[in-house]
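This report covers a predicted model of a protein chain.

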Amino acid sequence: MVSFISIAKGVTLIMMIGVTSAAPTASSVPHIDDSNVVPFTRPAFISTRIVPVKNPAVLGDLSAESKSAKKNKAWLDAHASNSTLARTSGSPEYYSGLTMVAPANAPPISTYAATVEATAAQITEYRHHAALSASSYCESVVTSGQWTCTDCKAYVPDGKLIVTFNSAANQLGGYLLRSDTKKTIYLVFRGSSNTQNWITNAQFIRGDYTPVSGASVHSGFYKAFNAVTSYYYSQFLDQHKAYPGYKVIVTGHSLGGAQALLAALDLYQRVSTLHTGNLIVYSQGAPRTGNDQFAYYVDYTGIKNYRSVYNRDIVPHLAPQNLGYLHPGVEVWAKSGTTATICPSNIETNDCSNSIVPFTNINDHKTYFNVGQGCN
């Protein structure tokens, strides 16, 4: 069954479907939900970490996608008739200027000189975090507190769940995990499993990003994020204090990727012992979160932010650039489960996945680095 719950004016998210339905097993792992959450006051902002950027090191081009769309549509018009498109008949169906299913004869994907190919070791690292994101879709993990799923044991066999959380009111869930072998604390956010309905119904309204003057973010994402920090924050601080030498990695797929970025920034802004040497963000198929000033601020923090996009995945191209949204972070453009091109810029460019707009595919959102983004 699919239920629709509004988390903010102008955006609708979909409740989880397709998660495992095995009967819950008794667990000692705390589970926080809307019925038992205790409000937690986060530490104050560190003033030196919320300074707006006056002179960005790299400027983004908010017209990059529009230029690609014009060029690629012209290519298709010159090389094909409507009868050869992937749809049964007629022209492709567009949502927010993008196709859910790309034409079968869309312009070929190009390789650009400004990019580099990911090494096997890097692919392994990206796959590792994609698996952690996929595990957040498991009811056995997020609801029952059991670190027993196939991906759980395959990728972090010594993982110790610290707390799991789920807010039906805000449509956010996830978990906090520690690995002593990897000396890492993971904060993982779950995405939405019915992305197509979100795409067809969403509006992309921005509001002020409170910490940083001039920056704005998707109002729905930000409202939901702020509503659920009490579900994991105190447990995170306890773990970070007990294991100060451990890295902190925040990750998520789809809408969970947007939440991962917001969460990592919030931790950086409030916890002085977190810094560019021990805080990293990985996301898979994340939508754009904020405007250009937000992107420049993220870049300025120096936090390592790896943003994976698979092939023609539609979600990373939403919210549209022409509405003022811009991705921060190094783009990892995966062409298959075992290869990826890295765009070294910390602000999105037209050298990677933006070059294929508007011919995107919803099905490319479902798997990253050969890891299905659902409970495995």
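Arg-206 lies over the face of Tyr-325, with 5.3 Å to the ring centre.

Aromatic pairs number 17 in the model. Two of them are listed here.

| Pair | Geometry | Centre to centre | Angle between planes |
|---|---|---|---|
| Tyr-126 and Tyr-306 | tilted | 6.4 Å | 50 degrees |
| Tyr-310 and Tyr-368 | edge-to-face | 6.1 Å | 65 degrees |

Tyr-126 belongs to helix α2 (residues 120-135) and Tyr-306 to strand β14 (residues 304-310), so this pair ties together parts 180 residues apart in sequence. Tyr-126 is buried, at 5% relative accessible area, whereas Tyr-306 is partly exposed at 22%. In the other pair, Tyr-310 is in strand β14 and Tyr-368 in strand β17 (residues 367-368), so parts 58 residues apart in sequence are tied together. Tyr-310 and Tyr-368 are both buried.

The protein chain contains nine helices and 18 strands. Of its 376 residues, 55% are buried. Among contacts with a separation of 6 or more, 75% are between residues 24 or more positions apart. The chain exposes about 14800 Å², of which carbon and sulfur atoms supply 53%.

Mean pLDDT is 88, and 87% of the residues reach 70 or more. For residues 1-24 the pLDDT is below 50, and this stretch has 65 contacts in the model beyond near neighbours in sequence. Residues 83-90 also have pLDDT below 50, with 17 such contacts. Where pLDDT is low, predicted coordinates should not be read in detail.

Definitions and conventions. Residues are numbered from 1 along each chain as its sequence is written. This is a predicted model: local features need pLDDT of at least 70, side-chain atom pairs count only at pLDDT 80 or more; totals for chains, interfaces and linings use all residues. Side-chain values use heavy atoms; hydrogens and water are left out. Helices (H or I, at least four residues) and strands (E, at least two) are DSSP runs, numbered from the N terminus. Buried means under 20% relative accessible area, exposed over 50%, partly exposed in between (1.4 Å probe, protein chains only). Contact means heavy atoms within 4.5 Å. Accessible areas come from the Shrake-Rupley method with a 1.4 Å probe; for residues, only the protein chains shown count as cover. pLDDT is the predictor's confidence in each residue, from 0 to 100. Rings of Phe, Tyr and Trp (its six-membered ring) pair if their centres lie within 6.5 Å; planes under 30 degrees apart count as stacked, over 60 as edge-to-face and the rest as tilted. A charge sits over a ring if NZ of Lys or CZ of Arg is within 6 Å of the ring centre and within 35 degrees of the ring normal.
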